[in-house]
Amino acid sequence: MATTEECRAALDKLSDNLAHADGDVRGAAALDRSLSCHIKDLDITFTGRLDDGRITVADTFPGPPRERAEIRLAMNGDDLVAMVDGELNFAKAWASGRVRLEAGFRDLLRLRTLL
């Protein structure tokens, strides 16, 4: 089971990957939205912002998200680490229910490029 530190490192790596992406991926990530990522097996939530292709984690707290972020993710820690390391395909994990992504319809349309 991934640790809190490994999950935080995975989010930082994802942020770096998005910041250095170009083309459609960079355009899809160029949103300014609140973000939460609930790690179900650890029962912790990271909150922050997706802003111009970077993820900034502002807080980590126990339990599910306290407020409704504009983009909401939920998954197990091992799945987060595996996705960021390229070992788990996001679209397949999302389709199978291993990963939950909730956002407004327009944001989902933009984020589909990342899938």
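1. Let's start with the sheet: five strands form an open sheet in the order E3-E2-E1-E4-E5, with mixed pairing. Strands are DSSP runs of E with at least two residues, helices are runs of H or I with at least four, and both are numbered from the N terminus. Two strands pair if DSSP finds at least two bridges between them. At the edges are strand E3 (54-62) and strand E5 (100-103), each pairing on one side only.

2. A word on the source: this is a predicted model, where local features need pLDDT of at least 70, side-chain atom pairs count only at pLDDT 80 or more, and totals for chains, interfaces and linings use all residues. Residues are numbered from 1 along each chain as its sequence is written, and side-chain values use heavy atoms, with hydrogens and water left out.

3. Now look at E2 and E3. Strand E2 (residues 44-51) runs antiparallel to E3, and eight bridges join them. Aspartate 51 stands opposite arginine 54 in E3.

4. Helix H1 (residues 4-19) packs on the sheet, where it touches strand E1 (32-39), E2 and E3. Contact here means heavy atoms within 4.5 Å. Helix H3 (residues 77-84) also packs on the sheet, touching E1 and strand E4 (71-75).

5. What sits over the ring of phenylalanine 61? The charged end of arginine 66 does, 4.0 Å from the ring's centre. To count, NZ of Lys or CZ of Arg must be within 6 Å of the ring centre and within 35 degrees of the ring normal.

Terms used:
Axes fitted to C-alpha atoms, helices over the stretch in contact; angles between N-to-C directions.
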